[in-house]
Amino acid sequence: MLLYASLISRLASQHETIEEIISGVDEQRLLLHPQPGKWSIKDNIAHLAKYQPVFMERMQVVMTGTDPVFGRYVADEDPEFATWKSWDIPTLLNRLQTDRTLIYDLITGASGIQITMTGTHKKFGKLSLVQWTEFFLLHEAHHLFTIFQIANNVDL
């Protein structure tokens with residue numbers, strides 16, 4: 001399975017949607033927890049930013065050809081997540097952009113052999129580097145939709 005145009009395009013720029021969605025959203029709404037135990041817009045952004053280094057590390061391991069097994073990443077169980085949630089939104093967005101450039105370079109620079117290398121997700125099974133990247137982008141899109149809903153006062 002080769003890298004395909006929509007995958008490359010979304011990997012390059014999908015995350016940039018956040019700034020468009022939250023432009024003009026007041027601070028109170030950015031910090032609003034729509035329901036007890038649900039993340040705010042800022043928390044969702046912190047999660048997306050924090051997950052990128054995790055994803056990058058995992059893909060570097062996949063590219064070794066050892067077919068690693070990964071459990072589900074749970075941000076609230078990550079001891080570093082609280083620190084990331086304490087950062088302001090401009091810092092989070094900057095980190096998101098910086099790390100996305102590294103991820104983009106890693107994935108688009110993968111050799112034909114590396115693209116086919118696999119890692120196993122405990123829920124989704126054996127995934128190639130391309131499938132992992134698709135999973136990463138779909139996960140991100142889910143959070144973008146959540147951010148959109150909170151920003152536009154939709155009940156969750």
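The model considered here is a predicted one, and within it His143 belongs to helix 8. When neighbours within four places in sequence are left aside, the residues in contact with His143 are Trp39, Asn44, His47 and Leu48. The C-alpha atoms of His143 and Val69, by contrast, are separated by 24 Å, the two residues being 74 residues apart along the chain. Helix 8 itself has 23 residues and reaches 33 Å from its first C-alpha to its last, which is close to the 33 Å expected at 1.5 Å a residue. Just after helix 8, Asn153 adopts a positive phi of about 60°.

One of the contacts of His143 is Trp39, which is placed in the loop between helix 3 and helix 4. Trp39 is likewise buried, with a relative accessible area of 18%, again under the 20% limit. Residues up to four places away in sequence not being counted, Trp39 touches Leu32, His33, Pro34, Asn44, His47, Ala75, Asp76, Phe81, His143 and Ile150. Trp39 and Pro53 are 14 residues apart along the chain, and their C-alpha atoms are separated by 20 Å.

His143 also takes part in the largest pocket, where His47, Arg72, His139, His142 and His143 lie nearest the centre among the 24 lining residues. The elements that give two or more residues to this lining are helix 4 (41–62) and helix 8 (129–151), and the largest share, 7 residues, comes from helix 8. Sorted by class, the lining comprises 11 nonpolar, 8 polar and 5 charged residues. The space in the largest pocket amounts to about 650 Å³.

Helix 6, which spans residues 89–108, has 20 residues and reaches 28 Å from its first C-alpha to its last, close to the 28 Å expected at 1.5 Å a residue. The buried residues of helix 6 are Ile89, Leu92, Leu93, Leu96, Asp99, Arg100, Ile103, Leu106 and Ile107. Viewed down the axis of helix 6, these buried residues fall within an arc of 140°, and they therefore line one face of the helix. An α-helix has 3.6 residues a turn, so residues three or four places apart point the same way. The cover over the buried residues of helix 6 includes helix 1 (5–13), helix 2 (17–22), helix 3 (27–31), helix 4, helix 5 (81–86) and helix 8. On the face of helix 6 turned away from its buried side, the exposed residues Pro90 and Asn94 are found.

Two aspartates on either side of strand 1 may be described together. Asp67 lies in the loop between helix 4 and strand 1, and its phi is near 50°, a positive value in a residue other than glycine. Asp67 counts as partly exposed, at 26% relative accessibility. Asp78 is situated in the loop between strand 1 (69–70) and helix 5, and this residue is buried, with a relative accessible area of 14%. With residues up to four places away in sequence not counted, Asp78 touches Lys50 and Tyr73.

Key
Residues numbered from 1 in each chain as written. Predicted model: local features only at pLDDT ≥ 70, side-chain atom pairs only at ≥ 80, totals over all residues. Heavy atoms only, no water. 1 Å grid on protein atoms, 1.4 Å probe; cavity = no way out; pocket = protein on both sides within 12 Å on 5 of 7 lines; lining within 4 Å. Points joined across faces, edges and corners; volume = space filled by probe spheres on them. Helix = DSSP H or I, 4+ residues; strand = E, 2+ residues; numbered from the N terminus. Nonpolar A, V, L, I, M, F, W, Y, C, P; charged D, E, K, R; others polar. Expected span 1.5 Å × (residues − 1). Buried < 20%, exposed > 50% of the residue type's maximum accessible area, 1.4 Å probe, protein only. Arc of directions from axis to C-beta. Contact = heavy atoms within 4.5 Å.
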